[in-house]
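Colleague: I would like to learn how to read a fold, its surface and its core from a set of coordinates. Could we go through one case together?

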Amino acid sequence: LSAQLCSLKGANMKQIHSHSKNSLFLMEMIFVLLFLSLSSAACIRIFAAAEENHVHTVENRQIQAHTVSVCEIMEGSDGNADSFVKYLPGGISDSSSVNWYYDRSWNICDKQNASYRMFLELSPSRYEKAGMLFFYRMDADHALLHSTELRFPSIQSALKEEAS
């Protein structure tokens, strides 16, 4: 009888002991999966932020390049809307403003397919060539990305005054 009790006791101990190992293994696996899910969520957020920073960097680079182009045209021309369309093709002009529409890759496109808009509003003056340059993202709220004021002295007006 005591031998049977000892063998039963030994079998129960083995079952308890093996059951305890299975529980620890399952708990360890749960912790590993929890850690893995938290770290992958953090990585996804990091990659999303990196993509957003890349988009802003590309936008800022394109805005800078287009602003320099518009400034050079304003400085070297008479400053009317037709000059901008002539030297920076693809613009849609009226008497005192010019619009350019760009796709996601900053290639000129029509208004319906545009992701970005560059808008130049000219302010004619006798003594200077001036205007405001605006850049918009063409999403749901037409977010203003950048604006700058442009001013250059009008050399033609100064020369006419000196001649008279």
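Predicted model: local features only at pLDDT ≥ 70, side-chain atom pairs only at ≥ 80, totals over all residues.

Colleague: Which elements does the protein contain, and in what order do they run from the N terminus on?

Modeller: There are 3 helices and 5 strands, and from the N terminus on they follow the order α-α-β-β-β-β-β-α. Helix H1 covers residues 2-76, and of the 164 residues of the protein, 26% count as buried.

Colleague: Why does Phe 31 count as exposed?

Modeller: A residue is called exposed when its relative accessible area is over 50%, and Phe 31, which is found in H1, counts as exposed because its relative accessibility is 55%.

Colleague: Which residues touch the most other members of the largest nonpolar core?

Modeller: In that core of 20 residues they are Val 70, Phe 84, Trp 100, Met 118, Leu 120, Leu 133 and Leu 150. Two or more residues each come from H1, helix H2 (81-87) and the strands S2 (97-102), S3 (116-124), S4 (128-137) and S5 (144-153), with H1 giving the most, 5 residues.

Colleague: What does Trp 100 touch, leaving aside residues up to four places away in sequence?

Modeller: Its contacts include Phe 84, Leu 88, Pro 89, Ile 108, Tyr 116, Met 118 and Leu 120.

Note on methods
Residues numbered from 1 in each chain as written. Heavy atoms only, no water. Helix = DSSP H or I, 4+ residues; strand = E, 2+ residues; numbered from the N terminus. Buried < 20%, exposed > 50% of the residue type's maximum accessible area, 1.4 Å probe, protein only. Core = buried A, V, L, I, M, F, W, Y, C linked by side-chain atoms within 4.5 Å. Contact = heavy atoms within 4.5 Å.
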